[in-house]
Amino acid sequence: MANLGLLDPEFDTRVRALTAAVRDAGFSPNIVSGYRSPQDQARAIDSVARNVYGRPASMVDFSRGIPGYAAPVGGSQHQKGTAVDFQPGPALDWVRANAARYGVDFPSSLSKTDPVHGQID
């Protein structure tokens, strides 16, 4: 389960309103990633490097991130508590279509590589 306890208070309010609305629409939203510690972000970068490049992450990957996939350690919206990742599926489709009403943005720059990532607008 995602660590939602350390979300930015304003973002937490927006995400709670959004997830309540998606439930009211008949879907079951599932947030799979919330706040990330620096160690969690490093693990995310390493996972992306292994999936995208077929190798473990390098020091360069950790310091620069992997563009379009993962921000560097210290530069992630997840580390700031202002981003969550939703599980793919019908609930995500509803969330993406209605998120702006709740002050949550799904950056178009991530639409192909990280379409589950929502952050404070």
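This report describes the strands, nonpolar cores, aromatic pair and salt bridges of a predicted model.

## Basis of the model

The structure is a predicted model in which local features need pLDDT of at least 70 and side-chain atom pairs count only at pLDDT 80 or more, while totals for chains, interfaces and linings use all residues. Residues are numbered from 1 along each chain as its sequence is written, and side-chain values use heavy atoms, with hydrogens and water left out.

## The sheet

Four strands make up an open sheet with antiparallel pairing, in the order E1-E2-E4-E3. Helices (H or I, at least four residues) and strands (E, at least two) are DSSP runs, numbered from the N terminus; two strands pair if DSSP finds at least two bridges between them. Strand E1 (31–33) and strand E3 (104–105) are the edge strands, each pairing on one side only.

Strand E2 (residues 83–86) runs antiparallel to strand E4 (residues 117–120), and three bridges join the two. Within this pairing, Ala83 has Gln119 of E4 as its bridge partner, and Val84 has Gly118 of E4. E4 also pairs with E3, over two bridges and again in the antiparallel sense; here Val104 stands opposite Ile120 in E4.

## Nonpolar cores

A nonpolar core is a set of buried Ala, Val, Leu, Ile, Met, Phe, Trp, Tyr and Cys residues joined through side-chain atoms within 4.5 Å. Buried means under 20% relative accessible area, exposed over 50%, and partly exposed in between (1.4 Å probe, protein chains only). In soluble globular proteins, nonpolar side chains tend to be buried together.

The largest nonpolar core has 17 residues, of which Leu18, Val84, Phe86, Val95 and Phe106 touch the most other members. H1, E2 and helix H5 (90–98) are the elements that give two or more residues to this core, and H1 supplies the largest share, five residues. Apart from this core lies another, of six residues, including Ile45, Val48, Ala49 and Ile66.

When residues up to four places away in sequence are not counted, Val95 touches Leu18, Val22, Phe86 and Phe106; contact is taken as heavy atoms within 4.5 Å.

Trp94 is located in helix H5 and is buried, with a relative accessible area of 19%. Leaving aside neighbours within four places in sequence, Trp94 is in contact with Leu18, Ala21, Val22, Ala25 and Phe27. The C-alpha atom of Trp94 is separated by 34 Å from that of Ala57, which is 37 residues apart from Trp94 along the chain.

## The aromatic pair

Rings of Phe, Tyr and Trp (its six-membered ring) pair if their centres lie within 6.5 Å; planes under 30 degrees apart count as stacked, over 60 as edge-to-face and the rest as tilted. By this rule the count is one aromatic pair. The ring centres of Phe86 and Phe106 are 6.2 Å apart and the planes stand at 40°, so the pair is tilted.

Phe86 lies in strand E2 and Phe106 in the loop between E3 and E4, so the pair ties together parts that are 20 residues apart in sequence. Both Phe86 and Phe106 are buried.

## Salt bridges

The structure holds seven salt bridges, a salt bridge being a side-chain nitrogen of Lys or Arg within 4 Å of a carboxyl oxygen of Asp or Glu. Asp12 is bridged to Arg16, with the closest N and O atoms 2.8 Å apart. These two residues are four residues apart in helix H1 (residues 9–24) and are therefore separated by about one helical turn. Asp12 counts as buried at 18% relative accessibility, whereas Arg16 is exposed at 55%. In helix H2, Asp40 and Arg43 are three residues apart, about one helical turn, and form a salt bridge with the closest N and O atoms 2.4 Å apart. Asp40 is partly exposed at 28% relative accessibility, and Arg43 is exposed at 53%.

The side chains of Asp85 and Arg36 also meet in a salt bridge (3.0 Å, N to O). Asp85 lies in strand E2 and Arg36 in the loop between E1 and helix H2 (38–53), so this pair ties together parts that are 49 residues apart in sequence. Asp85 counts as buried at 7% relative accessibility, as does Arg36 at 14%.
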